[in-house]
Amino acid sequence: MNDDITKNPEITNRGVNLQMQQELYQSPSEDAPMQQQAQMQAAVGVRCPSCGTMNDEGAMFCASCGAPLGKTTCPNCGAELDADADFCETCRRYVKKDVCSFCGAHLNDNDAFCPECGSPRGGIVCPVCHTLNEFSFCKQCGTALTEDARQLVAQVSTMPEYLEMQKLASELQQLDLILPYSSEREQVQEQLNTRLRERVLTLLANDRGIATPDIPKSNSKRMSKEEYEAKKNDRMQEIASILERMAQAPQPKPAMVRNYAMACRPQGVRLAWECNFKHALHSSPCGCAKPQMGGKWIILGKDTKKEIKDDK
Ligand SMILES: [Zn+2]
Ligand SMILES: [Zn+2]
Ligand SMILES: [Zn+2]
Ligand SMILES: [Zn+2]
Ligand SMILES: [Zn+2]
């Protein structure tokens with residue numbers, strides 16, 4: 001069902017077009033003729049939260065993209081929600097009773113399992129960390145919970161961009177294990193120690209009758225603070241640019257974005273998922289009310305002060 005997400009270039013193009021549409025709508029050129037300005041002021045009604053199209057007052061669905069319009073309330077906690085939100089960020093529950101949270105298929109009132117993907121309506125308990133989940137990947141530990149999710153992971157893990165990103169992520173992890181020199185004195189001291197070690201080993205070898213011994217290089221990976229920071233920033237930027245290219249374009253079904261984003265989540269680095277809905281940072285798209293608008297993973301530094309909206 002998710003098979004074509006990664007292959008279909010149209011998805012990305014549609015995302016770009018949608019964004020252009022929104023920008024065009026939001027920024028009417030300043031020197032627009034009076035007539036045009038008057039027309040814009042006259043355009044009262046409901047603006048589609050998904051595509052920006054203006055719809056007639058009282059319309060239930062967007063004439064252009066079909067998204068539900070207006071507001072509704074969360075059936076669990078009563079918080080106000082956009083009509084096209086499927087998740088309440090206040091009580092952190094899935095709210096669409098007639099739509100499968102795992103695949104987006106329609107559910108009938110008495111379906112205990114989704115007729116399309118077979119997932120249980122009550123959620124799936126993660127076999128690794130035992131968290132109860134309403135979506136295809138564990139919100140706590142990221143484990144793929146359904147057959148479709150596992151297939152998506154297998155598919156994404158062969159993409160060259162994903163492999164490149166994972167390589168950079170593990171280099172970054174290695175860097176975190178290195179202690180940079182705290183001062184120039186410390187660095188000079190270590191160089192002296194290295195030379196001393198070489199001298200001692202040479203003298204010992206000379207004693208055994210070897211004139212020019214082959215001394216193995218000391219395998220210290222330490223470096224100056226500047227070099228360390230530069231290397232780290234370099235890796236972070238490369239990962240960020242790959243994440244930018246792998247950003248999730250808007251999709252008709254929220255499940256498509258949640259599943260794809262979770263499948264291409266890099267391992268071993270601190271991340272947040274930034275949604276296009278409110279540009280909020282979530283710990284994952286599982287905590288966003290409207291992931292169908294798209295979004296992307298953002299790499300967070302070790303000491304970042306950026307705040308994540310939901311902490312799982
Ligand atoms: Zn619309
Ligand atoms: Zn709620
Ligand atoms: Zn389903
Ligand atoms: Zn888990
Ligand atoms: Zn969000």
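This is a predicted model: local features need pLDDT of at least 70, side-chain atom pairs count only at pLDDT 80 or more; totals for chains, interfaces and linings use all residues.
Residues are numbered from 1 along each chain as its sequence is written, chains are lettered from A and ligands numbered from 1 in the order in which they are written, and side-chain values use heavy atoms, with hydrogens and water left out.

Start with the zinc ion (ligand 2). C74, C77, C88 and C91 coordinate it through their SG atoms, at 2.3 Å. Donors here are N, O and S atoms within 2.8 Å of the metal (3.2 Å for Na, K and Ca); water is not among the atoms, so sites may look incomplete. The angles among the four donor atoms run from 106 to 116 degrees, which makes the arrangement tetrahedral. That label requires four donors with all angles between 85 and 135 degrees. For four tetrahedral donors, the ideal angle is 109.5 degrees. Along the chain the spacing is C-x2-C-x10-C-x2-C. C74 sits in the loop between β3 (71-73) and β4 (80-82), and C91 in the loop between β5 (87-88) and β6 (93-94), so the pair ties together parts 17 residues apart in sequence. Strands (E, at least two residues) and helices (H or I, at least four) are DSSP runs, numbered from the N terminus.

Next comes the zinc ion (ligand 4). Its donors are the SG atoms of C126, C129, C138 and C141, at 2.3 Å. This site is tetrahedral, with angles of 99 to 119 degrees. The donor residues are spaced C-x2-C-x8-C-x2-C.

The zinc ion (ligand 5) is held by C275 (SG), H282 (NE2) and C288 (SG), at 2.1 to 2.3 Å. Their spacing is C-x6-H-x5-C. C275 lies in strand β9 (residues 271-275) and C288 in the loop between β10 (281-282) and β11 (295-299), so the pair links parts that are 13 residues apart in sequence.

Now the helices. Helix α4 (residues 160-176) packs on helix α6 (residues 225-245) at about 155 degrees, with axes 10 Å apart. Axes are lines fitted to C-alpha atoms, for helices over the stretch in contact, and angles run from 0 to 180 degrees between N-to-C directions. The two are therefore roughly antiparallel.

Helix α3 (residues 147-156) and helix α7 (residues 254-263) have axes that come within 9 Å and cross at roughly 50 degrees. They are therefore oblique to each other. L152, V153 and V156 in α3 meet N259, Y260 and A263 in α7, where contact means heavy atoms within 4.5 Å.

Definitions and conventions: Angles under 35 degrees count as roughly parallel, over 145 as roughly antiparallel, 65 to 115 as roughly perpendicular and the rest as oblique. Four donors count as tetrahedral if all angles lie between 85 and 135 degrees; four count as square planar and six as octahedral if opposite donors are over 155 degrees apart and all others between 65 and 115; anything else is irregular.
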